Amino acid sequence: MIQTFFPSLRDNPRAAFAATVVVAIALAALPWLLQMGGNRWVRMADFALLYVMLALGLNIVVGYAGLLDLGYVAFYAVGAYMYALLSSPHLMENFEWIAAAFPDGLHNSIWLVVPLGASIAAFFGILLGAPVLRLRGDYLAIVTLGFGEIIRIFLNNLNAPLNITNGPQGITNIDPVRIGGVDLSKRLVIGEFAIPSVTLYYYLFLVLAIAVIVVSIRLQDSRIGRAWMAIREDEIAAKAMGINVRNVKLLAFAMGASFGGVSGAMFSAFQGFVSPESFILMESIVIVAMVVLGGMGHVPGVVLGAVLLYAIPETLREVARPAQLALFGEELVAPEALRMLLFGLSLVLIMLYRPTGLWPPPMHGVSAAPPRKPAAVKPAAPAAGG
């Protein structure tokens, strides 16, 4: 697995292990370095890890199986609302029988929430995948886009006649994550040393992101992963080779959706509030851009794309106005407009100069050594007496 994440060190396990140790130390120290600039920078790192999980989930559908999905944010929403409903007083306030069944309130452990979020999102992934198995290309994109909008509209309108989602007002008072009696919404004090809440969530999201990375890499090298890639390259040939295309496609939708469900549940716990406004179409497009511009089908590339495409706009949001004041003495362009302008320009430049992504997958079957020239064939000597 380590050698897979560092393909250039495939033939040197010690160097791959050393690189992994260096990356682990850097990731562990990152929140403390960001803390020097304030909690908002650590919070940005937290959200970047959530987007890494989302991008890796979509990479299974788009990068491995070659199925264009523009409604992936629906699974993010399903996971977020699942956690919100099971860890807030909303259901107890609107349904008396739930309040009677749980007199102490609905407070669920993370050990239940994570697998439940993955399972429910995987179920919705199968619901999406089953009707679209025969669709390809633009038609598949349109149907998945519609699925994402349907989920958002349902969440926005399921407040009557039964108030399930509280409609556009969203759900508040969502419980934070608690692990071993430690409330991650409060800073952890150990002696004279205090760990802020955003840093605690950072380490939780980092563990989950690493788990998703490990699963993605193992899937890539597995028999199922090779079947996904065979379908991506030529579905007819894959079917002729005996691959059950229907089941393999459904598995891709389910597995990709499960990562989105886990990320959504963590988003809900971290924010303490969810509403349909967080799951608009633009979110799906950004996640697709992370996969495509990072390098479809390549786990390190997708991670890089997710981090950069989230970090660049958010960093520009923070520095756009101070930079204009320092350079020109006044704000010439609104920070939000400048942020989107530079963000769009960066996407165009990447597509022009790196069409396969910032970190594309290695080309299989292509040798780095130059091809050998065929040996010259000496002409046969003329026969004697000829």
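Which residues make a nonpolar surface patch of about 720 Å²? The patch is built from Leu341, Leu342, Leu345, Val348, Leu349, Leu352 and Tyr353. To join such a patch, nonpolar side chains must lie within 5 Å, have over 30% relative accessible area and form no salt bridge. Tyrosine 353 belongs to helix 15, residues 335–353, and counts as exposed because its relative accessibility is 65% (exposed means over 50%, buried under 20%, and partly exposed in between, with a 1.4 Å probe and protein chains only).

Before we go on, note that this is a predicted model, where local features need pLDDT of at least 70, side-chain atom pairs count only at pLDDT 80 or more, and totals for chains, interfaces and linings use all residues. Residues are numbered from 1 along each chain as its sequence is written, and side-chain values use heavy atoms, leaving out hydrogens and water.

Now let's step back to the whole chain. It has 15 helices and four strands (DSSP runs numbered from the N terminus, H or I of at least four residues for helices, E of at least two for strands). Of its 386 residues, 45% count as buried.

Next come the salt bridges, of which the structure holds six (a side-chain nitrogen of Lys or Arg within 4 Å of a carboxyl oxygen of Asp or Glu). Glutamate 235 pairs with arginine 136, their closest N and O atoms being 3.4 Å apart. This pair links distant parts of the chain, 99 residues apart. Glutamate 235 also bridges to lysine 249, at 3.1 Å between the closest N and O atoms. Together, Arg136, Glu235 and Lys249 form a network of salt bridges.

Methods:
Patch = residues over 30% accessible without salt bridge, like charges linked within 9 Å, V, L, I, M, F, W, Y side chains within 5 Å. Areas by Shrake-Rupley, 256 points an atom, 1.4 Å probe, with all protein chains shown as cover.
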